[in-house]
Every structure is written in structure tokens, then in C-alpha cells.
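Biologist: I would like to learn how to read strand pairing, a nonpolar core and a ligand shell in a model such as this one. Could we go through them in turn?

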Amino acid sequence: MGQTRRLNVASDAPEASDQEPCCGTGRSAERTSASSTGDLVSSHLEVLVVGAGIAGLATAAALDRKGMFVDVIERHPEPRSTGAGLFLPGNSVRALTALGLGEQLKALGSPVPGQRLMDRRGRVLADIDMAELWRGTADCVGITRAGLHASLRDIVRVPVRHGVTLSSLKQSDDGVHVEFSDGGRGRYDVVVGADGIRSSLRESVDPAAGARFLGQVCWRFLTDEAPDIDRWSVWLGSGTAFLAYPVGGGRVCCYADVAAASPEDPTAAAGLLKLFSGYDRRVRDLLAAPAAEKAYFSPVEEVRDGMWAHGRVVLVGDAAHASSPNMAQGVAMAVEDAQVLAEVLAMGGDTDDLVRQYGQRRLPRTQWVQRQTHRRNRTRSLPLAVRNIAFRYGAKALYERGYAPLRELP
Ligand SMILES: Cc1cc2nc3c(=O)[nH]c(=O)nc-3n(C[C@H](O)[C@H](O)[C@H](O)COP(=O)(O)OP(=O)(O)OC[C@H]3O[C@@H](n4cnc5c(N)ncnc54)[C@H](O)[C@@H]3O)c2cc1C
């Protein structure tokens, strides 16, 4: 604490913005006296959220509702309008509904009543009923990433300053002092790093923690040429998997992955059509869609065992605990982080202590999710016959064990 940290922001962060310098300076100056004692009254807290992805927008909405003063900066010059789809399990829909998004999810997304596990030829190994699995929480939904972002932006009442990032950050007894890339300055009681898996805020919290490659690379795309995909459907091969689910508006999100020794592994260069040529006709049809040629490609990575907070800088979402998407818990964990952080900060008291409490409350749950993603990954290396039998006879129990704790409120 007490020393200024120059932040190593990603190279696509604009050097300067044509927007006004950030409002943090003026507002902080106005309220410093109310928040310089260490024992801060929660509703007077001034919070800077860095990153306007799902975690950042959800955090801004949750903190604003608790009466805190929130500024949001986002390095991209425009709101996000791209991306493929997201499967939102029951706890994810419950958390988003609590933020006020229930109607938008129904209007923009698609119900996902079940998950079907198949071998690569399309023979059914198991059917999991989502209403039964998520009893007492909420119905599962598939939605486009752009649709969820737009819905979140609709409920965030504080402006998001696009094209702005942090250039320095210094913690001292009266809070966190920051400089913005547009020349503005600010003082905040808490700074929230919601800046994703390659978080630069994480450097202030835990420089040793970073993204770790999980031995797979993946592709995803949206298509409207798949009328018979009415649930989350996965085809499992040997070292490869293909997934499709409805996301509303007649569209389907497709996701494919393949085991790889490194993100640059030449296996991926073979291309989707070749890698999945022995798969069920429905998979080959989906891959014949023009959108498949422009699929997003990325390594599958996670962030784990890191610290969540240092002083008054705290991480949420992927910045804290990015995980393999195989449990589809990224959105749920990000929005639950937002809710718990808002709840804890609103209790009032010593801010450093509140921030610590937030980490202590969230860590067991996000670690549980990561352990489940590792277990799921291990099933990929089982011999095919063993894995197929395990899923045929044990998938329901596996799902129940993996998700049951997440039915509880965070
Ligand atoms: C292939 C794949 C499929 C997935 N599928 C699902 C799924 O089906 N269901 C599910 O729940 N989850 C899924 N996830 C996980 C989910 O996408 C993430 O957990 C979620 O998007 C995390 O949101 P975030 O806001 O933490 O991070 P991000 O979405 O990465 O947002 C971070 C934001 O911060 C901004 N930013 C970064 N650095 C700075 C900076 N220095 N200054 C200012 N702004 C900055 C970025 O521009 C970005 O807008 C999937 C993930 C992957 C990789």
C-alpha cells in the first residue's frame, strides 16, 4: 500500500479518449470528508468499476441499488454488440432476475428444458431434465452474448465511460487514488477489477495469479440454420466435443472444442469440418453453415488460487476466477459476485474488512465450481466405452452432485 502502481493495460486500450475526463475527481472531492475516516457509511461509498463486461455491469447495477456512488470505465470505445451465445443455468437466471432482468431473458432468450448427452454418432447417453435439476431456483435460458449485454446496459443507471482505462493506481489511508487514460483523476473508497481473464487490476491484487491453459482450444458461432435443436445438446467424441443450444430468435449457439497441447497446437489448424467429419449428420449440417467459417477461436483457460482483494482493490468475475466453460457457470459466478459484494459493502464498517469478507464468502463457491470443471475435464480422457457407460448409468447422479450446492443462495 502507499505506492503508485503503473498499470500494464492491454495494447488495444486507447491512449486517450475524446470524452470528458472522468468525473471521479470532482465527485470524490465533494464527498471525501464523508469517507476519509476509515469507518465508512456504506451508502456513501464511492466505487470505481473497471470493465463493463457482464461482471462489471452487474456490479455497477447491484452497488447503485444499494445507494453507492458508482463510476464505470471500459477500455473499448463502443458497447459490446458481438459474441456468440451463453447457456444460463438456474442459478444464473435467478441472479440475473434478482437484478431485474427476468423479463428481458424471457423476451430475448430461449428456454432450455434439458441437456442431452450423446456419443459422436448421436446415440443418446443421457437426458437431464433442467426443471428437476434446478428445482427451487429458476428455468434455464439460452441467450446471445449481445442480447445479455444489451439487457444489462438497460438496467445500469450509471453512465459507462467507454474508451477509458486506468493508467495508475495508489492505495493510501483515505482510499484508492487513480489516474485515467484520458487525463482525469479520482479517489475512491473501493476499486473493483471487472476487467476479465487478462485483468490488469489483478496485478495490484495478486501479481502471481494469471490465466492458465487447460489443454483445449475452442470455437463458437451463431447460426439460424438448425431448426431441430430444442435443448442443450452435446456430441462427445474422443478428445473432441460439439455442443449446440437455442438462444432465441430461431438462432442456435454452437461450440466445439478439441484437446490440444498448447494454444498454438497444429491439431486445430485441421479445421472444424475435418475434426468433426466422423460426427452425426446434425453436427456436420451445423458446421456447413456459413457462420462456422467465421467462428471465434480461443484457448480454454482458467484463473485460480489467486487472492481476490488487496486493501480496497477487489476482483469480480473472470478477473478473479475464470473457469472452463464446461459447467456454464461464468455468468452465474460473476453476477453472484456482484450481489454479494453489494450486500457486504452495504453492511457498513471498516471497508478493508468488508472487502475481505466478500472474498471469504465467495471463494468456497467459486472453488467448488472450478473443481467440478476439472472433474468434467477428466472424463474426457477416459476410454470411450468406459465414458459412455459412465454417462449412460451415472450422468444424472453426476449432474445432481455437481450442481446441487449451487441451488443454495450464494
Ligand atoms: C468459449 C466460452 C464459452 C462460455 N460459455 C459460457 C456459458 O455458456 N455460460 C456462462 O455462464 N459462461 C460462459 N462462459 C464464461 C463467461 O463468458 C465469462 O465468465 C463472463 O463473460 C465473464 O465476464 P467478465 O465481465 O468477468 O469478463 P469479460 O466479459 O471479459 O469483460 C471484461 C471487460 O473489461 C474490459 N476491460 C479489460 N481490461 C480493461 C481495462 N484495463 N480497463 C477498462 N476496461 C477493461 C473488457 O473490454 C471487457 O469489456 C464462456 C466462456 C468462454 C471462453
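Modeller: Let us begin with pairing, where two strands count as paired if DSSP finds at least two bridges between them. Please keep in mind throughout that this is a predicted model.

Biologist: What is the strand order in the open sheet of seven strands?

Modeller: The order is β8-β7-β16-β17-β18-β15-β19, and the pairing is mixed. Strands β8 (124-129) and β19 (296-302) stand at the edges with a single partner strand each, so one side of each is left without a neighbour in the sheet. Neighbouring strands are turned against each other by 20° on average, direction ignored. Within this order, β7 (residues 114-119) and β16 (residues 232-236) run parallel and are joined by five bridges, and Asp119 faces Leu236 across that pairing. Helix α14 (residues 384-407) lies across β7 and β8, running at about 10° to β8.

Biologist: How should I read the largest nonpolar core, and where does it lie?

Modeller: In soluble globular proteins, nonpolar side chains tend to be buried together. The largest core in this model has 119 residues, and Val47, Val191 and Tyr245 are among those with the most contacts inside it. Its largest share, 11 residues, comes from helix α12 (residues 330-345). Domain 1 (4-81 + 148-211 + 303-372) and domain 2 (85-144 + 212-301 + 378-407) both give residues to this core, so it lies between them.

Biologist: Which element gives the most to the shell around the ligand?

Modeller: That is α12, with four residues, while among the other elements that supply at least two residues each are α2 (54-65), β4 (69-74) and β15 (212-223). Of the 36 residues around the ligand, Gly51, Gly53, Gly196, Gly317 and Gly330 come nearest.

Terms used:
Residues are numbered from 1 along each chain as its sequence is written. This is a predicted model: local features need pLDDT of at least 70, side-chain atom pairs count only at pLDDT 80 or more; totals for chains, interfaces and linings use all residues. A nonpolar core is a set of buried Ala, Val, Leu, Ile, Met, Phe, Trp, Tyr and Cys residues joined through C-beta atoms within 7 Å. A residue is buried if 20 or more other C-beta atoms lie within 10 Å of its own, exposed if 12 or fewer, and partly exposed in between; C-beta atoms are placed from the backbone. Domain bounds come from an automatic or database domain assignment. Axes are lines fitted to C-alpha atoms, for helices over the stretch in contact, and angles run from 0 to 180 degrees between N-to-C directions. Two residues are in contact if their C-beta atoms, placed from the backbone, lie within 7 Å. A residue is near a molecule or strand if its C-beta atom, placed from the backbone, lies within 6 Å of it.
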